Structure formats: C-alpha cells, structure tokens
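Here is a friendly walk through one protein model, meant to be read with the structure open beside it.

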Amino acid sequence: MILELTGSITNRIFFSGESMDKSAIPTPALLIDIEKVDDNIAQMANFFQHTTAHLRPHFKTHKCLPLAQKQIAAGAIGMTCAKLGEAEILVSAGISSIFIANEIVDPSKINRLAALARQTELIVAADDPGNLCGLAKAAQAAGSVIHVLVEVNVGLNRCGVAPGVAALDLARLTAELPGLHFAGLFGYEGHTQFITDIEQRCHKTESAMHELTSTADLIRQAGLAVGIVSAGGTGTFNISGVFPGITEIEAGSYLFMDSKYQEMGLPFRQSISLLSTVISTPTPQRAVIDAGMKAISLDNGLPKVISPGFVALRALHEEHGLLEVDLQAPALKVGDRVELVPSHVCTTVNLHDQYYVMRDDKVETVWPIEGRGKFQ
Ligand SMILES: Cc1ncc(COP(=O)(O)O)c(C=O)c1O
C-alpha cells in the first residue's frame with residue numbers, strides 16, 4: 001500500500017502518498033465520487049445562471065470546506081448553515097456572506113454570533129421580539145451589525161411567524177433596533193420537498209412561495225426594503241428558484257443525493273456511498289457487515305445496497321448491518337465489501353470524520369468533515 005493516512009492531535013486525517021485502491025480503505029467509510037459531485041455542482045450552477053434567484057447552498061449536507069469552496073467557485077453567493085458552530089468554521093476558511101437558517105437564542109451564543117459578525121456578512125433567522133432585542137444588544141456591544149431574516153412559517157410548521165402582519169411587525173422592530181439590519185425574509189418549504197407527484201409538489205410549493213413573497217410585498221408597501229427572500233431545497237430548487245420574488249435558494253442534498261431524494265426524479269447523480277465489510281456469514285442467507293446505525297443513518301428508513309446485487313439490508317444494529325442474501329446469488333464471504341446508499345445523506349455525513357474522495361475507484365485524497373458534530 002503506497003498511501004499513508006496519519007491522524008494529528010486535532011484528529012484530522014491527512015492524506016499523503018500517491019494512491020490507494022478502494023479495496024484497501026478501512027471500513028466503514030464514506031466515499032464520494034468526485035466526478036459526480038462536480039457534475040452535480042455544475043448542473044445546479046448552470047440552472048442558476050438562467051434565473052434571477054441565486055444559490056446559497058446548505059453546508060449542513062456536506063460540512064466540508066473544500067466542497068463549500070467548490071460551490072462558491074461555481075457561482076454560489078455564500079453559504080447557508082444551520083448552526084453557529086458551522087458558521088464559525090466557514091468564517092475561519094474565509095467564506096464571506098453566511099446565512100444561519102436558524103434562531104440563535106442562548107445568550108452565550110448570541111455573544112459569539114455578534115463577535116463573528118465583525119468578520120463577515122452574517123445573516124441570521126429570527127421570529128421573536130425578545131430574541132431580536134438580545135441580538136441588537138450584543139451587536140451594539142460588539143460593534144458589529146447582524147443581518148436578520150424574519151422567519152415566516154410557509155407551511156412546514158416548524159419555526160417562523162405567520163405570513164402577513166405578524167412578519168411585518170417583526171420586520172419593523174428589526175429595522176428600528178440599532179445593531180441590526182433588516183435584510184429580508186426566510187421561509188423554508190420543507191413540507192413539499194418529498195411530494196413525489198410533481199404537479200402536487202409544484203402546486204404546494206408555489207402556494208408556500210406566494211405566502212412568502214406576498215408578505216415581502218406587504219413589508220415593502222410599509223416602506224421597508226426587502227433585499228433577500230430565501231427558501232428552497234433540493235426537491236424544490238427548480239420551482240421556488242423561478243418563483244417571482246424569491247432571491248435565494250438553500251438546497252444542500254443535491255450535491256450527494258440519497259435514496260429518498262432519488263425517488264423525486266431530480267437531475268442529480270448519486271455521488272456518495274458507504275463502504276462496509278462482511279464480518280460474519282452465520283448462514284448462507286445471512287451476512288453481517290461492520291456498519292450499523294453509528295455509520296449510516298436510519299431516520300429515513302433502511303439504506304439500500306448498491307453492490308453486490310441480490311443482497312438486501314434487513315436491519316441495522318449499533319455497529320452491525322444484517323444482510324439477507326438471495327440464495328441464487330454467489331455467497332458472500334467474510335472480508336467481502338458491500339456498498340450502500342444512505343437513505344438520508346445529511347444525518348449520515350454527521351456520523352463521519354472524513355470523506356474518501358474517489359476517482360476511478362482510487363482514493364484521490366481524504367477530506368476532513370470539519371462541521372461534523374458542530375451543533376452548538
Ligand atoms: C432551512 C433549510 N433550508 C433548506 C433545506 C434543504 O436542504 P436539502 O436540499 O438538503 O433538502 C433544509 C433541509 O433540512 C433546511 O432545513
């Protein structure tokens with residue numbers, strides 16, 4: 001083996017050496033096919049060359065700086081992320097213009113946020129007057145400006161005030177508070193991403209976007225500028241991304257895809273997989289792999305086996321995956337490799353420290369997943 005992987009005190013894995021064959025990768029391991037990743041980036045970038053809306057991709061999917069840098073190089077206007085810890089990593093890599101698509105309310109985090117806003121254009125979601133006052137106080141103390149998108153509930157029923165007057169009231173308060181800049185609105189239509197019937201998905205997404213953009217119009221009529229109207233995910237990028245008045249799309253999973261998004265008829269390629277090894281074959285029909293739910297997530301159902309064929313995953317324990325082998329198929333042996341597609345890519349990535357970056361079945365490099373576990 002020519003390749004050598006070394007861990008440093010920061011627990012990062014560095015790649016040195018010329019090449020490593022897929023068969024030599026220690027498992028369970030997360031592999032990305034860099035040609036397919038690049039295709040997905042190009043495909044999405046190409047779409048947004050023909051729209052007035054821009055792409056601000058979600059870091060929560062890959063949590064990896066070289067991938068964020070590729071997205072920016074392809075035309076993304078900045079990054080979306082879910083957590084302050086993720087934003088800190090993006091800022092440390094010199095990525096400017098970051099939207100934290102979440103409420104930050106803990107006083108210690110508000111102080112970190114205000115300090116971070118001195119270094120870059122930092123945009124945060126808010127849906128509460130008390131939270132806005134806390135953000136304003138911290139920004140004034142830190143001598144920074146925090147840009148705020150008022151979060152509107154467009155049907156997901158998660159965070160966000162109701163469309164219309166409730167959002168206008170928060171917009172007015174934001175605009176009045178020193179230290180804050182009212183930058184616009186954010187309304188994520190998460191309830192429509194996985195509607196398989198495309199007409200239904202369009203219809204429900206468009207009505208959510210209508211709620212959001214008509215709220216933006218109401219705020220403009222009241223005399224406030226609404227620069228950003230942010231929405232969208234992988235399942236709706238081509239619906240919300242062309243809806244008049246939407247200025248930014250937050251899609252993330254398009255980069256890698258997963259078995260759930262594969263059902264949506266989207267133009268992106270499956271570029272991520274989990275490589276595992278058979279550790280036991282107790283019966284001809286049962287084989288056990290070294291990947292359980294600590295290596296591949298289960299929240300969207302069981303992952304699918306992509307190779308070999310005639311094998312199905314039947315259960316995931318913490319550190320074991322139980323496979324059912326078709327009796328017509330060649331028997332699996334201890335040491336054989338089994339490759340799986342995650343059913344939910346974002347929660348799977350968060351379980352790993354690094355990607356094995358593959359080209360033509362060889363490891364080209366290894367990238368750390370810097371944002372893994374950064375949920376504070
Ligand atoms: C706020 C927000 N925006 C956008 C997305 C879309 O992400 P994806 O494209 O991975 O579905 C999500 C997904 O959870 C989200 O929470």
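A residue is called buried if 20 or more other C-beta atoms lie within 10 Å of its own, exposed if 12 or fewer, and partly exposed in between. With 11 C-beta neighbours inside 10 Å, Pro 284 therefore counts as exposed. Please keep in mind that this is a predicted model.

**An exposed proline**

Pro 284 sits in the loop between β13 (272-283) and β14 (286-289). Leaving aside residues up to four places away in sequence, Pro 284 touches Val 325, Leu 327 and Ala 331. Another proline, Pro 342, is 58 residues from Pro 284 along the chain, and the C-alpha atoms of the two are separated by 25 Å.

**The whole protein**

Stepping back, the protein has 9 helices and 20 strands. Its radius of gyration is 22 Å, close to the 21 Å that the globule rule gives for 376 residues, so the protein is as compact as a globular protein of that length. Taken along the principal axes, the C-alpha atoms fill a box of roughly 70 × 50 × 35 Å. Of the 376 residues, 48% count as buried. Among contacts between residues at least 6 apart in sequence, 65% join residues at least 24 apart.

**Helix α3 and what follows it**

Which residues of helix α3 (residues 84-92) are buried? They are Leu 84, Glu 86, Ala 87, Ile 89 and Leu 90. These buried residues pack against α2 (65-73), β6 (79-81), β7 (98-103), α4 and β8 (122-126). Just after α3, Gly 94 takes a positive phi of about 80°.

**Helices α4 and α5**

Two packed helices are described by the angle between their axes and the distance between the axes. For helix α4 (residues 107-116) and helix α5 (residues 129-142), the axes come within 9 Å and cross at roughly 45°. The crossing of α4 and α5 is right-handed. On the α4 side, the contact is made by Pro 107, Ile 110, Asn 111, Ala 114 and Ala 115, and on the α5 side by Gly 134, Leu 135, Ala 138, Ala 139, Ala 141 and Ala 142. The residues of this contact divide into 9 nonpolar, 2 polar and no charged.

**Backbone details**

Most residues other than glycine have a negative phi, and most peptide bonds are trans. Here are some backbone features to set beside that.

| Site | Backbone feature |
|---|---|
| Thr 27 to Pro 28 | cis peptide bond, omega near 0° |
| Ser 307 to Pro 308 | cis peptide bond, omega near 0° |
| Ser 97 | positive phi of about 65°, not a glycine |
| Asp 361 | positive phi of about 65°, not a glycine |

Where do these sites lie? Pro 28 is in the loop between β3 (20-21) and β4 (29-33), while Pro 308 is in the loop between β15 (304-307) and β16 (311-316). Asp 361 belongs to the loop between β19 (354-359) and β20 (362-368).

Asp 361 is exposed, with 10 other C-beta atoms within 10 Å.

Technical notes
Residues numbered from 1 in each chain as written. Predicted model: local features only at pLDDT ≥ 70, side-chain atom pairs only at ≥ 80, totals over all residues. Axes fitted to C-alpha atoms, helices over the stretch in contact; angles between N-to-C directions. Helix = DSSP H or I, 4+ residues; strand = E, 2+ residues; numbered from the N terminus. Left-handed = near helix turned anticlockwise from the far one by under 90°. Contact = placed C-beta atoms within 7 Å. Nonpolar A, V, L, I, M, F, W, Y, C, P; charged D, E, K, R; others polar. Rg over C-alpha atoms; globule rule 2.2 N^0.38 Å.
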